[in-house]
Amino acid sequence: MSRSFDVVVIGAGPAGYIAAIRASQHGMSVACIDEWQNRDGKNAFGGTCLNAGCIPSKALLESSELFHRANHEFSKHGIKVPEVSVDVPKMQKRRASIVRQLTGGIAGLFKAANVEGLVGHGKLLADQKVEFTPVDGDVEVLDTKYVVLATGSTPIELDIAPFDDENIVDSWGALEFDAVPERLGVVGAGVIGLELGSVWGRLGAEVVVLEAMDDFLFMTDHDVAKIAAKAFKKQGMDINLGARLTSANSATGKVTVNYDDSEGGQSIEVDKLVVAVGRRPFSDNLLADDAGIELDERGFIVVDNECRTGVKNVFAVGDCVRGPMLAHKGSEEGVMVADLITGEVAEINYAMIPSVIYTAPEIAWVGKTEAEARADGRVIKTGSFPFAASGRAKAMEQTDGMVKIIAADDDDAVLGVHIIGPMAGELISEAVLAMEFQASTEDIQRTIHAHPSLAEAIHEAALAVDNKALNFPNR
Ligand code: FAD
Ligand code: NAD
């Protein structure tokens, strides 16, 4: 007899495992199927985020930043250290251990929530049935009332620079280098390129980034992108804009990288090349021919605002559907879908999803950029406050960057908040909360912020919107 569940989730990344846990909190019987296999051959829940994305990258960003600060900042604090060196295998062991703890934690959460974690491949059949092919064992068809597809995404591979898992690698490969490459090439100055370029650059690699677009960080506010470009240049990152990759070849053991820029064909040689030109939705062997699910021209599962596919009682969440490929976006979709299934009212405010780039300085934003707000036709006012004028940032020796707030001139509504500087990824939550509750800049101006804190920069930027900054000269 086949097993039956109220909900079957396919994929246990941050979108799927959260959907499963939330559904079980509603008293439903839930199974969550996942096939992720790490390079040691072991299966693990957590998807890209925990195994090969958010968490391992942040572990290495932290380690490499500490190394950088020990080399370049400690002396300013009057701390003398003998020569500082890097033990990459140990750094990688720490990274792997954090990943293991967190992915093991999901197995624990499933157990506590009574979610049946199933290791293997899931495939959606017609009529609310899911075929489960375990890693070891026989194929089983599960009956279910609801299905949540949460199969995530995978790196885009270019025909002109195929991955060889040794010298031409994707982001996962670049997280697992066992030594610092002398010269690292990065294709794509997007989020991954900048984060991983920072990791290996801080550890001593010479980093050359090739970016096809002419604008740097086109998705961020223009003022933020300008500060970021200057900071990365100072750190030694060689970012080439308008540089379109034409081919890469690793036959010699080194990688020859050919690209076109405004001056014609160029060629460089690097020890390793990371290709980080975006990710594509993953739905390989997910859908039976008669499952009825529609994919768009880029392979995303088509859903409405409530993540409903066109098939009754089948939802899809996370990177495999439209919207930013961010873990917190997927998790919130997972929560929404589980709440909708149980009959609750639930929705996501897609305009209020924060973005963070975990470089140093860190970059975070929510809402509109100045250019987007102007393009909307609204009359706007802006205010900014530099971390150079923040006592806390000075004490931390991290004064690069600023907070910029964009507000509507008529009703004072906060339209966008852009932060580049220390702990931007933490600070942005205040802005998200303020905007979610439709705060005006006056509301932020009248909110008491602890002193000395980095968050005071948000307070001062709100004051600056009305030329009332207290700790920085107004325009
Ligand atoms: P995934 O995490 O990709 O999980 C999908 C899971 O489904 C996988 O385990 C997969 O094996 C499984 N699966 C797929 N098909 C099947 C099937 N048919 N049967 C069984 N299982 C299946 N986002 C952030 O918000 N912050 C960050 O700091 C951040 N850093 C990143 C750094 C890197 C290097 C990368 C690559 C990504 C980063 N991201 C970050 C993006 C983030 O990882 C993704 O947005 C997030 O993991 C998407 O979650 P998901 O659950 O939709 O998919
Ligand atoms: P991305 O879309 O951020 O950047 C890809 C870059 O590659 C773009 O700037 C693009 O212009 C460039 N590019 C494309 N083709 C090129 C070519 N042939 N030559 C040169 N440049 C080229 O994608 P990504 O950095 O691969 O990241 C993928 C996803 O993962 C992102 O959507 C992001 O949301 C997510 N992610 C998030 C975080 C975070 O939240 N901190 C970290 C890492 C990844």
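**Aromatic rings, asked and answered**

Visitor: What makes tryptophan 172 buried?
Guide: In this predicted model, tryptophan 172 has a relative accessible area of 15%. Buried means under 20%, so tryptophan 172 is buried.

Visitor: Why is tryptophan 36 called buried?
Guide: Its relative accessible area is 18%. That value is under 20%, so tryptophan 36 is called buried.

Visitor: How many aromatic pairs does a search of the whole structure find?
Guide: The search gives five.

Visitor: Why is the pair of tryptophan 36 and tryptophan 172 called tilted?
Guide: The ring centres are 5.0 Å apart, within the 6.5 Å limit, so the two rings pair.

Visitor: What makes the pair of phenylalanine 385 and phenylalanine 472 edge-to-face?
Guide: The angle between the planes is 80°, which is over 60, so the pair counts as edge-to-face. The distance is 6.1 Å centre to centre. Phenylalanine 385 belongs to strand 19 (residues 380-386) and phenylalanine 472 to the segment after helix 13 (456-465), so the pair links parts 87 residues apart in sequence.

Visitor: Is phenylalanine 385 buried or exposed?
Guide: Its relative accessible area is 2%, under 20%, so phenylalanine 385 is buried.

Visitor: Why is phenylalanine 472 called partly exposed?
Guide: Its 36% lies between 20% and 50%, so phenylalanine 472 is partly exposed.

Notes. Residues are numbered from 1 along each chain as its sequence is written. Chains are lettered from A and ligands numbered from 1 in the order in which they are written. This is a predicted model: local features need pLDDT of at least 70, side-chain atom pairs count only at pLDDT 80 or more; totals for chains, interfaces and linings use all residues. Side-chain values use heavy atoms; hydrogens and water are left out. Rings of Phe, Tyr and Trp (its six-membered ring) pair if their centres lie within 6.5 Å; planes under 30 degrees apart count as stacked, over 60 as edge-to-face and the rest as tilted. Buried means under 20% relative accessible area, exposed over 50%, partly exposed in between (1.4 Å probe, protein chains only). Helices (H or I, at least four residues) and strands (E, at least two) are DSSP runs, numbered from the N terminus.
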